[in-house]
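The entries are kept in the order in which I looked things up.

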Amino acid sequence: MAVALVVQHVAHEDPGRLADWLPAYGVELDVRHPYAAVPLPSTVDADALIVMGGPMGANDDDVVSWLPATKALLADAVARGVPTLGVCLGAQLLAVATGGRVERGAHGPEIGLGEVSGDGRDSLLVGGTFPVVQWHYDTVTELPDGATLLASSERYPVQAFRVGKAAWGLQFHVEAAPALVASWAAAEDRDVEEIVAPIRSADRVIARVGEELSKRFAAVVNRGSVTG
């Protein structure tokens, strides 16, 4: 079975549903925890790379010691064509690692149920408009040279993009079930039910889109798997 190296930045932002979906489609997860003093490898030693979200900023190298190593992994993966998925902070790190820019969102945070639209031209994302889980304060304000914009929202244009042959960034949280979102809301002392209730109502579609994306990403990984 193929293996994806996963960088998890904080305890409460784990791979979520990806931990169920990706193994079901032939990709095991090797989750690394640099926040717990577990060092990251100097190169991607797996068939794929996945970088999760977190409350820190993509430019916080001076306060988050493992961010430079994470960006180096992302740059290495893109350069070598290793299938890569960045989620929220992971997408922002992917952008910065390959020459893009990330800044504080000018229109405030996107938190809770959101909606993004894509044209369906890319092999990873379904087309049309679909509901997603949002939880971000920063945003990609400049894509790397050669990157392809794949999906946008009304407030922030960069919701999904591809850079290189097989590296995708998702500003939204494809992995997040309602219970995980509830934990984030509680951690920020927000009204849990106000945020989670709309997500719960739309979760059937959210999950369907997320699983389809996982299936498509796993297919990309398995085409190039070296671990068997």
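**Entry 1, conventions.** I worked from a predicted model, in which local features need pLDDT of at least 70, side-chain atom pairs count only at pLDDT 80 or more, and totals for chains, interfaces and linings use all residues. I number residues from 1 along each chain as its sequence is written, and side-chain values use heavy atoms, with hydrogens and water left out.

Along the principal axes, the C-alpha atoms fill a box of roughly 45 × 35 × 35 Å.

I noted that 53% of the 228 residues count as buried (buried is under 20% relative accessible area, exposed over 50%, partly exposed in between; 1.4 Å probe, protein chains only). Of the contacts between residues at least 6 apart in sequence, 73% join residues at least 24 apart; contact means heavy atoms within 4.5 Å.

Where does H5 bend? I located a bend of about 65° at Ala-202, the angle being between axes fitted to the seven residues ending there and the seven starting there. Helix H5 (residues 192-223) spans only 41 Å between its end C-alpha atoms, whereas a straight helix of 32 residues would span 46 Å (1.5 Å times one less than the number of residues). At the N-terminal end, Asp-191 caps H5, with a side-chain oxygen 3.3 Å from the backbone nitrogen of Glu-193.

I placed Asp-76 in helix H2 (residues 67-80). Asp-76 is buried, at a relative accessible area of 18%. Its side chain makes a polar contact of 2.7 Å with that of Thr-43.

Is Cys-88 buried or exposed? I list Cys-88 as buried, at 5% relative accessibility; its phi is near 55°, and it lies in the loop between strand S4 (84-87) and helix H3 (89-97). Asp-189, in the loop between helix H4 (178-187) and H5, has a positive phi of about 55° although it is not a glycine. Asp-189 is exposed, with a relative accessible area of 72%.

Terms used. Helix = DSSP H or I, 4+ residues; strand = E, 2+ residues; numbered from the N terminus. Polar contact = N/O pair within 3.5 Å; in protein donor to acceptor, adjacent residues only side chain to side chain.
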